Amino acid sequence: MTSTQIATLSLGLLALGMLLIAGLLIGREVQRARRGEVLGRAIRHGTEDIAAPAVATTDGDPFGATRNETELPFHWLDSRLGRALVADEDRKLIDQCGFSSLRAQLIFLVIRTTLAALLPLLFFIGWSKNFTVGEDLAIGMAAFVFGFMAPKWVLSRMAASRRERVSQELPLFVDLLRLLQGVGLSLDQSLQIMATDFSHVLRVLSYELAIANRQYAQGRTREHSLLRLATLHDSENLTGLVALLVQVDKHGGAVQEPLRQYSDRLREHRRSELKERIGKITVKMTGVMVVTLLPALVIITAGPGFLAVFRSLGALAK
């Protein structure tokens, strides 16, 4: 078989595989839609038998708006393929980026599958003629891997940026909480004010506090509502602070002095991190100074001596 035939066969197999996957997904979606229609029809019949005609809606179908509303296929995320394409690590990264919704996970699934299938297809259509069969397969696999991993790499960068932002906001968060506690506000009032009035300063922590306050208002305990804040961003300092707040909420007591000590410890820890970064920068700058500054110093200091030697050698030659 020639290289053109092998490339054509590879494209045909790839297209056949994509068609099979699309057919399976469409079949599952059709089955789910049929089950939803049957269930809605049964509920409507039961409602019409029980309810009086006077309370019926204007269109005679109280469930019409729900049935006609376009629903996103969130059930794909719970399938085996969905859990393989959007693993628990990917879902945690999505939450760390601030996209804590099923819609974001579904968008990530669609983007990952689209890039993984589109990039190799574009390569085989546009540039496969310039390479051999082995190179075509290798570049196609590389394009598939890149399209599959690129969304996760982007999420990792965004999550790392937000984790760094959390570490920067944490000392200010502790100081503001200590200030609000000092003026006589309760812990719940302080957290509510920090989530609403200080969102322009604490961009990440105020968002997480808003979620925790909403969960607490819906009936969860303070410990359960702050669990996401304690474990999501992989910060030991934030975990310790949440443990302190949960202990104060359970047993009561003065919180200003523990918060002051915790703030001093955070600032000391941040000061040590800055010293470590400065030490690393000093080591890195040594190589830069050797490459850039040392030649200039050699020219300035040893330049006159070299010129004198050259002139004396020239005089001897004459």
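Among contacts in the protein chain (heavy atoms within 4.5 Å) between residues at least 6 apart in sequence, 62% join residues at least 24 apart. This is a predicted model, in which local features need pLDDT of at least 70 and side-chain atom pairs count only at pLDDT 80 or more, while totals for chains, interfaces and linings use all residues. Residues are numbered from 1 along each chain as its sequence is written, and side-chain values use heavy atoms, with hydrogens and water left out. The protein chain has twelve helices and zero strands, where helices (H or I, at least four residues) and strands (E, at least two) are DSSP runs numbered from the N terminus. Buried residues, meaning those under 20% relative accessible area, as against exposed over 50% and partly exposed in between (1.4 Å probe, protein chains only), make up 28% of the 318 residues in the protein chain.

- In helix 7 (residues 187-196), the buried residues are L187, S190, L191, M194 and A195; they cover an arc of only 130° around the axis, which puts them on the same side of helix 7, the arc being that of the directions from the helix axis to the C-beta atoms.
- Helix 4 (residues 88-96) has D90, R91, L93, I94, D95 and Q96 buried, and just after helix 4 a positive phi of about 95° is taken by G98.
- E169, which lies in helix 6, is buried with a relative accessible area of 4%, and, not counting residues up to four places away in sequence, E169 touches V201, L202, R203, V204 and L205.

**Aromatic rings and charges**

- The structure holds two aromatic pairs, a pair being rings of Phe, Tyr and Trp (its six-membered ring) whose centres lie within 6.5 Å, with planes under 30 degrees apart counted as stacked, over 60 as edge-to-face and the rest as tilted.
- One of these pairs is formed by F144 and F148, which are stacked at 6.3 Å centre to centre with 20° between the planes.
- Because F144 and F148 are four residues apart in helix 6 (residues 133-182), they are separated by about one helical turn; F144 is partly exposed at a relative accessible area of 38%, and F148 is partly exposed at 23%.
- The charged end of R112 sits over the ring of F148, 4.0 Å from its centre, where sitting over a ring requires NZ of Lys or CZ of Arg within 6 Å of the ring centre and within 35 degrees of the ring normal.
- R222 lies over the face of Y216, at 3.9 Å from the ring centre.

**Packing of helices 11 and 12**

- The axes of helix 11 (residues 236-251) and helix 12 (residues 256-317) come within 12 Å and cross at roughly 180°, which makes helix 11 roughly antiparallel to helix 12.
- Here axes are lines fitted to C-alpha atoms, for helices over the stretch in contact, with angles running from 0 to 180 degrees between N-to-C directions; angles under 35 degrees count as roughly parallel, over 145 as roughly antiparallel, 65 to 115 as roughly perpendicular and the rest as oblique.
- On the helix 11 side E236, N237, L238, G240, L241 and L244 meet P258, L259, Y262, L266 and H269 in helix 12.

**Individual residues**

- D234, in the loop between helix 10 (227-231) and helix 11, has a positive phi of about 55° although it is not a glycine, and D234 counts as exposed at 53% relative accessibility.
- I139, placed in helix 6, counts as partly exposed at 30% relative accessibility, and the C-alpha atoms of I139 and F124, 15 residues apart along the chain, are separated by 9.3 Å.
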